[in-house]
Amino acid sequence: MTGMAETLGGMSASAVRAAHEIRVVIGRLRRRFRETYDNEGLTPSQTSVLSRLSKEGPASTSALAAAERVRPQSMAATLAVLEERGLIQRRPDPHDGRRQLVSTSDTGSAYLDDKRRAGEEWLAQALETGYTEAERETILEALALLDRLSRA
């Protein structure tokens, strides 16, 4: 670990190790969440766009492309699939009639709610059966620290 700490500006070995472990564990948890439910054929980028619209509200195609760091043409193709499945809707931008705003449809919101619920149910069951009350309390304490880290 010492060599690793030196390459990261002389930071403590514990900070370097914690950064690595957080990244690895979050990656594993994300994969497990994805495995807990059927994406019904949606690609990760389609799921990401649908989730972004749900969290951030209506957006233009160009704004979504910028946020997802893809070309507008790629975003248009992603949105076409989501629209074909009835997961999004389009409406004129009230401030610029030449543009359209994309938002989640009722079907898209229900889809996301179901997927989130499935992930949380898996996680709650795993925590209930695999951890003691004291361990769950420790996890909650660690999550408070991670939340603080996310706001740094």
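This is a predicted model: local features need pLDDT of at least 70, side-chain atom pairs count only at pLDDT 80 or more; totals for chains, interfaces and linings use all residues.
Buried would require a value under 20%.

Which residue does Trp122 pair with? Searching the whole structure turns up 1 aromatic pair. Its members are Phe33 and Trp122, whose ring centres are 5.6 Å apart and whose planes meet at 75°, so the pair is edge-to-face. Phe33 belongs to helix α2 and Trp122 to helix α6 (residues 106-130), so the pair ties together parts that are 89 residues apart in sequence. Phe33 has a relative accessibility of 27%, so Phe33 counts as partly exposed.

## Another look at helix α2

Helix α2 spans residues 13-35, and Val25 has its place there. Is Val25 buried, partly exposed or exposed? With a relative accessibility of 37%, Val25 counts as partly exposed.

Now follow the chain to Val49. In sequence, Val25 and Val49 are 24 residues apart, and from C-alpha to C-alpha they are 24 Å apart in space.

## Where α3 meets α5

Two packed helices are described by the angle between their axes and the distance between the axes. Helix α3 (residues 44-56) packs against helix α5 (residues 72-84) at an angle of about 80°, and their axes are 10 Å apart. That angle makes α3 roughly perpendicular to α5.

On the α3 side, the contact is made by Ser45, Gln46, Val49 and Leu50, while α5 brings Met75, Thr78, Leu79, Val81 and Leu82. Sorted by class, this contact of α3 with α5 has 6 nonpolar and 3 polar residues, with no charged ones.

Key: Residues are numbered from 1 along each chain as its sequence is written. Side-chain values use heavy atoms; hydrogens and water are left out. Helices (H or I, at least four residues) and strands (E, at least two) are DSSP runs, numbered from the N terminus. Buried means under 20% relative accessible area, exposed over 50%, partly exposed in between (1.4 Å probe, protein chains only). Axes are lines fitted to C-alpha atoms, for helices over the stretch in contact, and angles run from 0 to 180 degrees between N-to-C directions. Angles under 35 degrees count as roughly parallel, over 145 as roughly antiparallel, 65 to 115 as roughly perpendicular and the rest as oblique. Contact means heavy atoms within 4.5 Å. Ala, Val, Leu, Ile, Met, Phe, Trp, Tyr, Cys and Pro count as nonpolar, Asp, Glu, Lys and Arg as charged, and the others, Gly among them, as polar. Rings of Phe, Tyr and Trp (its six-membered ring) pair if their centres lie within 6.5 Å; planes under 30 degrees apart count as stacked, over 60 as edge-to-face and the rest as tilted.
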